[in-house]
Amino acid sequence: MTEVVGHERQRRLLAARPAQSLLFVGPEGVGRKAVAQWFARGLNCEHGFPPCGVCASCRLEPHPDVRVVAPRLATKSGRVARRPQIHLEQIAPREGSDEESLLEWLQTSPRFKAKVAIVDDAHRLGEAAANALLKVLEEPPSYAYAVLIAPSREAVLPTLASRSLTISFGPLPAEQLRALSDDEAALGYSEGAVGRLMAALADPAGLAEAEAAARDWLDALASGDPAALLVATERLRERAEGPFDPWTFVARDLATWPAASRRAALEALATLHEDLEAYVSAELAYTRFAFAMRRIYAELRSGSPPPR
Ligand SMILES: [Zn+2]
């Protein structure tokens with residue numbers, strides 16, 4: 001059983017009021033999935049909440065009554081999907097599919113007390129899959145629980161959100177993370193998320209590379225040389241596909257910019273992410289972003305930042 005760090009208030013609420021349909025919202029890596037697993041353990045523990053860690057149920061890993069559904073990273077043709085999705089056949093039985101869907105899994109009684117479905121990245125449910133899941137949320141078997149994980153309540157379909165009790169997870173206080181590590185680079189990257197801290201501690205070289213790519217990009221932006229900026233942008237794009245988000249470091253630098261320039265830069269960044277989600281060619285989207293940033297930076301330098 002994995003240890004959960006923090007989120008005491010949320011866990012007290014879950015133990016006191018274990019709703020059958022829950023929506024956990026908050027930033028990636030902050031501990032939503034760990035608490036969902038903790039919740040499933042508590043429901044099945046011989047001694048109830050908090051899970052004891054030593055009974056017959058708590059000792060099982062993975063637990064037979066817990067099922068995690070997550071977006072597929074590969075498309076049917078085996079290519080890596082840029083916008084991964086949870087497909088209908090993962091939720092409901094479908095002709096020609098031999099995998100056991102979530103609905104089929106939920107039809108049989110639990111081995112212990114409760115079957116818990118954890119739907120990771122619930123904002124990536126395809127429409128048909130979401131509608132199939134909705135049927136379970138409307139009339140779940142008495143032993144069935146569903147925990148949807150998403151960045152925000154607004155990100156998931158309103159019909160799913162309205163059926164679920166929403167519980168918010170925020171970044172952990174700095175002292176709680178400092179109790180786990182004194183590595184300043186990793187703590188700086190964590191932004192209050194245990195998952196990010198652990199990933200950074202496990203791969204300090206990878207973290208340093210992401211930071212270097214971000215620093216080089218900011219240098220290229222400051223140099224005013226468009227060719228250098230495009231080279232640095234390409235490198236940043238490659239890094240952004242890796243385990244560490246170089247934007248964390250870019251965003252930290254933006255925090256020191258004048259408010260109007262910073263706002264314009266964050267808008268350019270949001271447009272980049274929208275373009276990528278909308279399947280615009282990544283190269284084109286990044287080039288567009290680089291030139292938008294170049295314009296914003298030039299205006300900042302000339303002392304005439306974009307109007308508020
Ligand atoms: Zn137990």
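Trainee: Where is the place of H7 in the chain?
Mentor: H7 sits in the segment before α1, the helix of residues 8-16. Bear in mind that this is a predicted model.

Trainee: Why is H7 called buried?
Mentor: Its relative accessible area is 5%. Buried means under 20%, so H7 counts as buried.

Trainee: What is noted about phi of H7?
Mentor: Phi of H7 is positive, about 55 degrees, although H7 is not a glycine. D121 is also a residue other than glycine with a positive phi, near 55 degrees. D121 lies in the loop between β5 and α5.

Trainee: What makes K33 and D120 a salt bridge?
Mentor: The closest N and O atoms of K33 and D120 are 3.4 Å apart. The cut-off is a Lys or Arg side-chain nitrogen within 4 Å of an Asp or Glu carboxyl oxygen, so the pair of K33 and D120 qualifies as a salt bridge.

Trainee: Which parts of the chain does that pair link?
Mentor: K33 is in helix α2 (residues 32-44), while D120 is in the loop between β5 (115-119) and α5 (127-138). The two residues are 87 residues apart.

Trainee: Are K33 and D120 buried or partly exposed, and why?
Mentor: K33 has 31% relative accessibility, and D120 has 10%. Under 20% is buried, over 50% is exposed and the range in between is partly exposed. Therefore K33 counts as partly exposed and D120 as buried.

Trainee: Which residues are linked with K33 and D120 in a network?
Mentor: E28 and R32 join K33 and D120 in a network of salt bridges.

Trainee: How many salt bridges does the structure hold?
Mentor: The structure holds 15. One of them joins the side chains of R124 and E277, with 3.4 Å from N to O. R124 lies in the loop between β5 and α5 and E277 in helix α13 (residues 259-277), so this pair ties together parts that are 153 residues apart in sequence.

Trainee: Why is E277 called partly exposed?
Mentor: E277 has 34% relative accessibility. That value falls between the 20% and 50% limits, so E277 counts as partly exposed.

Trainee: How do you know that R163 and E138 form a salt bridge?
Mentor: Their closest N and O atoms are 3.5 Å apart, and the limit is 4 Å. R163 is in the loop between α6 (158-162) and β7 (165-168), and E138 is in helix α5, 25 residues apart. R163 has 43% relative accessibility and E138 has a relative accessible area of 40%, so R163 counts as partly exposed, and E138 does too.

Trainee: Which atoms are the protein donors of the zinc ion?
Mentor: The donors are the SG atoms of C45, C52, C55 and C58, lying 2.3 Å from the zinc ion. Donors must be within 2.8 Å of this metal, so these SG atoms count. Along the chain, the donors follow the spacing C-x6-C-x2-C-x2-C. Both C55 and C58 are buried.

Trainee: Why is the site of the zinc ion called tetrahedral?
Mentor: The angles among the four donor atoms are 103 to 117 degrees. Four donors count as tetrahedral if all angles lie between 85 and 135 degrees, so the zinc site is tetrahedral. Ideal angles for four tetrahedral donors are 109.5 degrees.

Trainee: Which residues does the cis peptide bond with omega of about -15 degrees join?
Mentor: F49 and P50. P50 is in the loop between α2 and β2 (66-69). The peptide bond from E61 to P62 is cis as well, with omega near -5 degrees, and P62 is found in the loop between α2 and β2.

Trainee: What makes the nonpolar surface patch of about 230 Å²?
Mentor: L180, M198 and L201 make the patch. L180 is found in the loop between α7 (174-178) and α8 (184-190). Patch residues need over 30% relative accessible area; L180 has 38%, so L180 passes that limit and counts as partly exposed.

Key: Residues are numbered from 1 along each chain as its sequence is written. This is a predicted model: local features need pLDDT of at least 70, side-chain atom pairs count only at pLDDT 80 or more; totals for chains, interfaces and linings use all residues. Side-chain values use heavy atoms; hydrogens and water are left out. Helices (H or I, at least four residues) and strands (E, at least two) are DSSP runs, numbered from the N terminus. Buried means under 20% relative accessible area, exposed over 50%, partly exposed in between (1.4 Å probe, protein chains only). Patches are made of residues with over 30% relative accessible area and no salt bridge: like charges are joined within 9 Å, nonpolar side chains (Val, Leu, Ile, Met, Phe, Trp, Tyr) within 5 Å. Accessible areas come from the Shrake-Rupley method with a 1.4 Å probe; for residues, only the protein chains shown count as cover. Donors are N, O and S atoms within 2.8 Å of the metal (3.2 Å for Na, K and Ca); water is not among the atoms, so sites may look incomplete. Four donors count as tetrahedral if all angles lie between 85 and 135 degrees; four count as square planar and six as octahedral if opposite donors are over 155 degrees apart and all others between 65 and 115; anything else is irregular.
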